[in-house]
Amino acid sequence: MTSSAPFRRFAFAFGSTFAVLYVVAVAKDLALFTVFPSLGIVLTGTHHSRDVADPAMGFLAPAMYWYGWATTAALGALMAGLVAASLPGRSVRHFWSGWVWLIPALSMIACVYLTLPWFRL
């Protein structure tokens, strides 16, 4: 399968940048929106249940942040991919091609580390 050089630059930049930005979004809790699936509610931004009168409310209406984190990372990666696709080919030749697999692998390790407290390990 063949593809154009700008598309390859876009794909490689998008994938690597998405991996990094997803870790940042999870670590800094930067979600574009929060979903409460049991209530059918979607709120912009990150919303945590701060109900101190009844702590069980967090169990009854759990919030899902993953969609917001993924959207945050995808929008940032889209911008980076478009910039990379618009660059001339000679300007990106000095980048090491190993970043394409190394950055996502390191990001997966970082995500596992960030989610360990949820599993109480």
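Ring pairs join Phe10, Phe14, Phe18 and Tyr22 into a cluster, where rings of Phe, Tyr and Trp (its six-membered ring) pair if their centres lie within 6.5 Å, and planes under 30 degrees apart count as stacked, over 60 as edge-to-face and the rest as tilted. This is a predicted model, in which local features need pLDDT of at least 70, side-chain atom pairs count only at pLDDT 80 or more, and totals for chains, interfaces and linings use all residues. Residues are numbered from 1 along each chain as its sequence is written, and side-chain values use heavy atoms, with hydrogens and water left out.

The structure holds 5 aromatic pairs. Phe18 and Tyr22 form a stacked one, with 6.1 Å from centre to centre and 20 degrees between the planes; these two residues are 4 apart in helix α1 and thus separated by about one helical turn. Helices are DSSP runs of H or I with at least four residues, numbered from the N terminus.

Accessibility is given below as relative accessible area (buried under 20%, exposed over 50%, partly exposed in between; 1.4 Å probe, protein chains only).

| Residue | Relative accessibility | Class |
|---|---|---|
| Phe18 | 26% | partly exposed |
| Tyr22 | 15% | buried |
| Arg8 | 39% | partly exposed |
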